[in-house]
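Please consult the sequence and the coordinates alongside the text.

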Amino acid sequence: MATSQPTAATAPKKPAKASRKRTDKKSGLPHSSETYNRWFREMYLMRKFEERCGQLYIQQKFGGFCHLYIGQEALLSGMKEAIRPTDNVITAYRDHAHPLVLGTDPKFVMAELYGKKTGTSKGKGGSMHMFDKERNLFGGHGIVGGQIGLGAGIAFADKYRNEDHVTVCFMGDGAARQGMLHETFNMAMTWKLPVIFIIENNKYAMGTSVERTSNVTDLETLGASYKMPSATVDGMSPEAVCAAIAEAAKRGRKGEGPTLLDIQTYRFKGHSMSDPQKYRTKDELATYVERDPITHVRTVLLENKWATEEELKKAEKDIKAQVEDAIKFAEESPLPDPSELYEDVYVQSDYPFVKD
Ligand SMILES: Cc1ncc(C[n+]2csc(CCOP(=O)(O)OP(=O)(O)O)c2C)c(N)n1
Ligand SMILES: [Mg+2]
């Protein structure tokens with residue numbers, strides 16, 4: 001753990017804001033114009049940021065890995081609406097969009113991808129290790145399933161300190177097959193930890209489908225052995241995601257323990273940048289692209305006259321400019337000095353096994 005990054009025990013907490021969830025009486029929709037407008041802008045930012053990342057990676061502007069979130073945005077917008085700024089988030093390596101939705105300036109995320117000193121992990125983490133201490137984002141983890149136990153640990157710290165925060169712990173459908181899940185579920189239920197385990201079920205772990213991974217394809221049932229409240233959720237709908245996470249968060253804050261949500265989504269791009277995608281059909285992809293959450297939210301805004309076409313076009317233009325500014329910032333930022341190589345690796349500055 002880097003010295004500049006939080007441990008669960010030291011992370012500063014901002015005061016909780018009141019929940020913003022409101023039903024819009026006139027339209028009958030579960031959220032207000034304000035929320036749909038914010039969802040549109042958030043999801044559009046995630047999408048454009050990731051599209052540019054894909055292009056920049058191909059141009060070899062930055063190296064390492066690059067796993068894009070395109071198609072899965074409704075999960076994060078739904079989550080953001082359901083939780084408080086004081087809650088914690090931890091995820092795997094498909095993590096560029098998580099800081100964006102939590103409010104990290106895109107330029108710091110882009111700088112991290114470029115390995116620059118101004119990046120969220122001072123350029124030493126790269127694509128798979130986005131952190132933001134102020135926003136309680138605990139990474140960005142490259143070991144599949146590694147963050148499952150860490151997420152429960154963060155929740156344990158909050159429970160120990162009598163905080164009413166919850167931890168949202170994301171994992172892929174592939175990660176859900178790791179042994180770590182079972183050990184963690186067992187203790188999280190035994191100790192009734194305030195953690196929401198979310199399977200970002202995009203149907204594939206690299207090129208391996210859920211069906212090829214196990215006899216049990218209904219991932220919600222993984223909670224059953226531990227009597228963990230579990231549900232399957234439509235991940236192309238920010239409304240459904242928000243409702244499920246809000247309910248889980250309520251339970252967590254009341255001391256009733258963890259929840260498992262199998263949130264069914266789809267990634268529109270390959271696993272990473274070098275993926276010929278022979279394991280899926282174009283038709284399958286098309287059925288999910290038809291349900292693009294950005295198109296859905298755009299339609300809601302226009303149909304309810306909560307935004308005009310011109311306003312949305314203007315928002316799109318502004319967001320594209322914001323992403324270009326982030327790229328410029330990343331390109332113009334300095335690389336970390338080689339002398340910093342061993343800094344921020346361990347909290348203990350004189351950790352004996354690193355320096356000569
Ligand atoms: C412990 C471990 N095993 C294998 C890998 C290689 N690997 C990287 S991503 C991945 C697939 C994980 O898929 P999933 O959990 O569904 O997440 P997604 O990429 O779909 O978001 C694998 C096997 C790894 N990083 N860590
Ligand atoms: Mg997956």
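Ala 231 has Leu 261 in S7 as its bridge partner, and Thr 232 stands opposite Asp 262 in S7. These residues belong to the pairing of strand S6 (residues 230-234) with strand S7 (residues 259-264), which is parallel and extends over five bridges. Two strands are taken to pair if DSSP finds at least two bridges between them. Helices (H or I, at least four residues) and strands (E, at least two) are DSSP runs, numbered from the N terminus.

The model is predicted: local features need pLDDT of at least 70, side-chain atom pairs count only at pLDDT 80 or more, and totals for chains, interfaces and linings use all residues. Residues are numbered from 1 along each chain as its sequence is written, while chains are lettered from A and ligands numbered from 1 in the order in which they are written.

S6 and S7 are part of an open sheet of five strands, ordered S1-S2-S3-S7-S6, with parallel pairing. Strand S1 (88-90) and S6 stand at the edges with a single partner strand each, so one side of each has no neighbour in the sheet. On average, neighbouring strands of this sheet are turned by 20° against each other, direction ignored.

Together with helix H8 (residues 238-253), S6 and S7 make a right-handed β-α-β unit; right-handed denotes a path from the first strand over the helix to the second that runs clockwise with the strands pointing away from the viewer. H8 lies across strand S3 (195-201), S6 and S7, and runs at about 170° to S7. Axes are lines fitted to C-alpha atoms, for helices over the stretch in contact, and angles run from 0 to 180 degrees between N-to-C directions.

| Helix pair | Angle | Axis distance |
|---|---|---|
| H5 (residues 146-160) and H6 (residues 179-190) | about 15° | 8 Å |
| H4 (residues 106-113) and H11 (residues 309-332) | about 45° | 8 Å |

H4 and H11 are therefore oblique to each other; angles under 35 degrees count as roughly parallel, over 145 as roughly antiparallel, 65 to 115 as roughly perpendicular and the rest as oblique. The crossing of H5 and H6 is left-handed.

How values were computed. A crossing is left-handed if the near helix is turned anticlockwise from the far one by less than a right angle, and right-handed if clockwise. Two residues are in contact if their C-beta atoms, placed from the backbone, lie within 7 Å.
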